Amino acid sequence: MERPPPGKVEDLATLAKLDEKVLLDELKIRYYNNDIYTYVGDILIAVNPFRDLGIYDDQTSNLYNLAKKTELPPHIFAIADSAYQCMIGHGGRTPENQCILISGESGAGKTESTKLIIKQLVELCHGNTQLEQQILQVNPLLEAFGNAQTLMNDNSSRFGKYIQLQFHNGQVLGAKISEYLLEKSRLVHQGSGEETFHIFYYMMAGLPKSKQEQFCLTAADKYRYLACGTAGVSKDKESSKKKYDELLNALDLVGFTDEEQYDMFTMVTSVLHLGNITFEEDDKDASYIPEMAPVDVVAKLLGVDSQDLAGTMTSIVTHTRGEQVTRHYTKQQAEEARDAVAKILYGRLFGWIVNKVNQLLAPTHIVPHSEQREIGILDIFGFEHFEKNSFEQACINLANEQLQYFFNHHVFKQEQEEYSREGIDWKEIKFVDNQPLLDLFLGRPLGILTVLDEESKFPRATEKTLVAKFNEKFGKVAYYKPAQSSKDSRFTILHYAGQVTYSGEGWLEKNRDTLPPGVMEMLQSSNNALVKSIFKAQVTRTGSLAFQGRQSTRKTRKGHRPSLEAARKRKLTVGGQFKNSLQVLMERMTSATPIFIRCLKPNHVKAPGSFDMKYIQQQLLYTGMLETTKIRREGFAVRPSFEDFVNKYKVILCKPTLAGTRDNCIKILKATGIKGWQVGKTKVFLKYYHIDEIADVLETMGKSAITLQRIARGFLGRRQAARRKEVARQQAQKVAELLSQIDGLSMKLISQQQTVLQNDKNIPQSFFGRPDSVLIEGPPPPVPDFPYRDLSSIGGVSLTSSDKRDYLQPKTFADSATQASDSEEDEISDDEFIPVPSTQHPGHKMASVRWFQETQATQIYDPSQQNFIAEWFHGVISRRQSEMLLKEKPTGTFLIRVSESRFGYTLSFRAEQRVRHYMIDQLRNKKFIIVGESKVHKTLKDLIEYLKDNKLSNWDGYLVEPCGQKSNYESGECDYGELVNERFYFTLEEQIKRQKTGKQRAMRESSRPLPPPPENWQTPPLPDRNYSLAKDMERDVSKRPLPPRPAEAYQRLLHNQTGRRSAFKEAQHNVYAPKKK
C-alpha cells in the first residue's frame, strides 16, 4: 500500500515504518497545517496551538455526534464522542463506565481539553436543562479560585480534579468533583514572575466601589500577598473585570446565593488583610503587633474578636499543674502563624466551594446503581520543573509518575502479560517501567513520604536533618542523587520526565500543616455563618472537607470503632492525605475503561506557530509514545472472553442460541471478514480498529434485516389485504344475493296480497297494516331508578371511602442511599450527596396561581405604575393568547407570562416573522435564567433590561417596548386579575420588608396570619394551600376585573416609596458633601 503524503496520516499506528524521525516529522507538518490532533490507535495526541483555531464551534460539534472515528479527522470532540458511545453501548458495544485521562506538562492544554470534552458530552446528551448549564460553569468557577499564572502556564491548575459525570439512559443525571492538593503556599509567596490565584486579581479589578469600601480594600500594591503579582491587576484590567463578571454569573448559575457569595468574598479579602499584619520583637524576643488596624479589619471580616486573633498569632497559652503559662512567639514564629491562618482560611474555603458544587449538582432523583453509567475526566497538574522546587512540586510530579505508571501498566505491562498467558504469538515490546520510582516515594516502611512523616513528628527536626535522613536511607537508590555537600539541603530525583532537584526548605512545615493553638476554636465561634460552618467541618483521609460527620463503618482489630477524638489526635499529614488521594484515584480509574489523551507543549515561550523539535522529542521520549505507537499497531487493545464475544456477535451467524466456545468465536470472526485477529485460550484478541469494522458488519446486517423485514411485511401486508378484499367481495356478493331474495319475496308477497284482496272483498285494509308509520314517535323510556347512594358495598367491597379522594393526595417516600464503607483507618468519610427531589409541578393551573401569589409578588413590583404592577406582566395566559396580543405589535414588543404547567415564566416577544417564546426558570438561589442561555439575572426586571441591550443566542434583535393589556381592558379588566388577589398588596408589603432586612425568602411564606381584607371586599378567601389538589376553574381569566387596591396597604407602599426617594437623596448628599475636619 502506498504511503500517504507527509502530514496526511491521521493515525500514526497505520504507518508500516515508524521511527522517531517519522513521528516528529508527521507531528510537525500537521502542526503547521493547523492539524493539532493526531491518533495513535485509540490514543489522541494534542499539540497546544496557543491560539484559537476556530475548530470548536457548534457546526464542528454536530459532526462528532455518534460518528464513526474513521470518517472524520482526529479531534478532541471525537474522544468525547467515543467515550459516550462506549458508555451507552452504541454500535454493539457493552455499556461500560469510561475514564478520560489527560496528561502532559504544565501549559500543554490539559485544562482547556477538559472543558472541551465536557462541552461536547453535554451536546451529545442534547441537554438544554439547568443542570447541563451548571456543569459547564463549574470549570470557570474552580479555575478562578484554584488556578494561577506560573512561568510555564498563564492558567496553571494549582490543584488536581477528577470530574465524575453520572448518566442515566444517555442523559446527564448529576456530577461530582474530587479535588486534590491545593497549592496553598502560593498565597503567601510567589516566585519571580508568578502570581497568586486568579480570584484576587478578578476582585481587585471588578469589585464595585461600594463593595471595596465594605471590604476595606485599596490599591493592589498595598498588599504583601500580592507583592509579586501586582502586574496581574494592571496589565489587563478590563480582561480581569470581565472575568469577575463571568465568575459572578457562574456562581449565580451553579446556585450560590447572594449571602454565600458575599461571605466568600469576605473570606478572600480577609486573607489579603492578614498578609498586611506585621510583627516586631521587644527586648525579650517576644513578638508584638505594632499596628492593630489590619487586625481589626480581619477580625471584623471574619466575625471574631480582634484581641483573640492577635493573641493566637503572637503567643501560645498552656496549662501546667493548674497554672496558666503564656509563651510568646518570636517574630519569625508569629509570621509563620499568620501565614498558617491565611492558608487554612483559603484552603477550607476552596474545599467548601467544591463541597457546595457537589451538593448543587447532585442528582434530583434516585436511580438504581445498576442503571447508572459514568464518565470520569481527570485534569491534574502537569509535570513541573522550576528553578526552585519544593514539597508541592514533589507531590505534583509524584502524581504524574502515578499516572504514567497507570498508562504503562494498562498499555504495556498488563497487555503483554495477558499475551503470554493466552499463548498469543507476540514479540515483546520494551518500555520504561517507573515502578521503582513509585516505591522510592510510596514504599513502606522505607519511602520518602514515610520518612517525611516520621521526621514531622519531631518538633526539633529541621530541613537539614530531613535531607540527611533522605541521603542515609536512599543514597544508594538509582533514582535518588544526594547533593555533593553534606551541608546542602538539596537532593535530586530522576523522574520519568527528567531529573528534578528539590530543596528541602519548608518540607516539614508544609507536611505538618499545623495551626497555632486556639485558632480553630476562635474561628468555630465566629459570628460569620460561613466561617463557623467551614471550621466546624472535619477533614477526611484524602484531605477533603466533610460537613455531614459520617463515620467509617470499618472496625478496628478489637471490633470497636475509635472515637472521633482519637481520630483528631492522629491527624494525617499532607503527604499522608495525598498518598490516600492517589490510592482512591487509582481505584476509580481502574474500575472504568480508560481513554488516554497526551497533550504536548510545542515550545517554552508559549508562542503560537512555533514547533521546537527538540522539546517535543523530549516529551515524546519520556512518555514512551514511540513504544505506544508500536504496541497499538501490533497489539490487541480489545480482549473479550469467548462467552462475551459470542453473546455479543452471534447474530452475525444468524443463530440465536450459540455456545461460547473457541470454535464458535472463530466461525464468527471468519464470517466478518476482518484480518489480523488471534484467538487465545480463553479470549479473543482484536486490534483497536476491529470493533469499528465489526460494527460496520452489524450495521450492514441491520440494514439488510430492515430491507428483508420491509419486503416480508410488504408481501404479508399485500397478501392479507388481498384476503380481506376477497372476504369483502364474497360478503358483498352474499349481501347482494340476500337483498335480491328479499326483493323477490317482497314482490311475491305484494302480489299475493293483491290477489287475496281481489278475490275476497270482505277483508278490511287494516288487516295488512296501519296506514300511518309503524314507528311510534315519543320520548325514550325513563332510566330505572337504581339506588346508587344507598349502596354501601358490592361483593363485600366497601364503596364509602370513594369520597375521600385519597388518590389526589401525594405520597411521600423517604430518600434512601447506600453509604460506602471506608477501608482506611481515618474515621471520617466523604460527604454523601444523595438525590434531593425538586419541587414538581402537579400539572394544573391553580398550582401556578398559588406559587405566584405566595413567592413572586415582588417580581412584578413597579413603583412607577399606578397599581405597582409592571406593564410587561401578564397572567396565566396561553401561548395562543400571547400571540394574539402581540400579533399586530411592532418587532421587539414583549411580555412575560406565568407558566401554567410549571413553576416559572415565559418570555414572549414579537420577532420579524412570528412570535417567539422562551422559558424562564427560577434557580435555587431565587434568581432567573432563560433556558438555554448562560446569563443569570437577579430579577425579572433585570432580565428585561439586559435583553434591551444584549441579544439572545439565537435571535438577532432586542426587546423594545412592553405589551400592555388589550384596549378593551380599559374598564379595569386584565388577564392577571386572578393572580392579584385580595391579599396581594399585603403580601407585597411583607416581601419588600423582608428584602430590606436581608432575610432569605423561602419558597413559601411563613404561617404568620396576614391582616384581614377590607370590609368592602367581595370575593371569598382563598382555600388552604395545597399544590397537589386540583380545583376545577371554569371562568374566563382574561375577563375577570382587577380587584380594587386595599387602601391601607396601598397607602403604606406609596408612603414607603416616597420615603425611600427622600432617604436616597439625603444619603447622596451626605456622601458627596465636603466633610468637616
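How many bridges join strand S2 to S18, and do the two run parallel or antiparallel? Four bridges join them, and strand S2 (residues 43–47) and S18 run parallel. Keep in mind that this is a predicted model.

**The seven-stranded sheet**

- S2 and S18 belong to an open sheet of seven strands with mixed pairing, in the order S1-S2-S18-S3-S12-S6-S7.
- At the edges you'll find strand S1 (37–40) and strand S7 (171–180), each of which pairs on one side only.
- Ignoring direction, neighbouring strands of this sheet are turned by 20° against each other on average.
- As a reminder, strands of a sheet pair through backbone hydrogen bonds, either parallel or antiparallel.

**Strand S18 and its two partners**

- Strand S18 spans residues 593–600 and is mostly covered, with seven of its eight residues buried.

- S6 and S12 run antiparallel and are joined by seven bridges.
- Within that pairing, Leu-165 has Ile-375 in S12 as its bridge partner.
- Helix H22 (residues 574–590) packs on the sheet and touches S3, S6, S7 and S12.
- The direction of H22 makes about 155° with that of S7.

**Salt bridges**

- Searching the whole structure turns up 34 salt bridges.
- One of them ties Lys-161 to Asp-379 through their side chains, at 2.8 Å from N to O.
- That pair links distant parts of the chain, as Lys-161 sits in strand S6 (residues 160–168) and Asp-379 in strand S12 (residues 373–379), 218 residues apart.
- Why do both ends of this bridge count as buried? The cut-off for buried is under 20% relative accessible area; Lys-161 has 2%, so it is buried, and Asp-379 has 1%, so it is buried too.
- Another bridge brings the side chains of Lys-115 and Glu-143 together at 3.1 Å, N to O.
- Here the link runs between helices: Lys-115 is in helix H4 (residues 110–124) and Glu-143 is in helix H5 (residues 130–146), 28 residues apart.
- Lys-115 is partly exposed at 23% relative accessible area, whereas Glu-143 counts as buried at 9%.
- Glu-726 and Arg-729 also meet in a side-chain salt bridge, at 2.5 Å from N to O.
- Both of those residues lie in helix H27 (residues 690–759), three residues apart, which is about one turn of the helix.
- Glu-726 counts as partly exposed at 33% relative accessibility, and Arg-729 counts as partly exposed at 43%.
- There's a network as well: Arg-158, Glu-183, Arg-186, Glu-194 and Glu-384 are linked by salt bridges.

**Aromatic rings**

- The aromatic pairs come to 38.
- In one of them, Phe-491 and Trp-507, the ring centres are 5.5 Å apart and the planes are at 70°, so the pair is edge-to-face.
- These two link distant parts of the chain: Phe-491 is in strand S14 (residues 490–495) and Trp-507 is in helix H18 (residues 507–512), 16 residues apart.
- Are the two residues buried or exposed? Phe-491 counts as buried at 2% relative accessibility, and Trp-507 counts as buried at 1%.
- Both are part of one aromatic cluster, formed by Phe-391, Phe-470, Phe-474, Tyr-480, Phe-491, Tyr-502 and Trp-507.

**Charges over rings**

- Lys-69 has its charged end over the ring of Tyr-39, 4.4 Å from the ring centre.
- Lys-687 does likewise with Phe-636: its charged end sits over that ring, 4.5 Å from the centre.

Methods
Residues numbered from 1 in each chain as written. Predicted model: local features only at pLDDT ≥ 70, side-chain atom pairs only at ≥ 80, totals over all residues. Heavy atoms only, no water. Phe/Tyr/Trp six-rings, centres within 6.5 Å; stacked < 30°, edge-to-face > 60°. Buried < 20%, exposed > 50% of the residue type's maximum accessible area, 1.4 Å probe, protein only. Lys NZ or Arg CZ within 6 Å of the ring centre and 35° of its normal. Salt bridge = Lys/Arg side-chain N within 4 Å of Asp/Glu carboxyl O. Pairing = 2+ DSSP bridges. Axes fitted to C-alpha atoms, helices over the stretch in contact; angles between N-to-C directions. Contact = heavy atoms within 4.5 Å.
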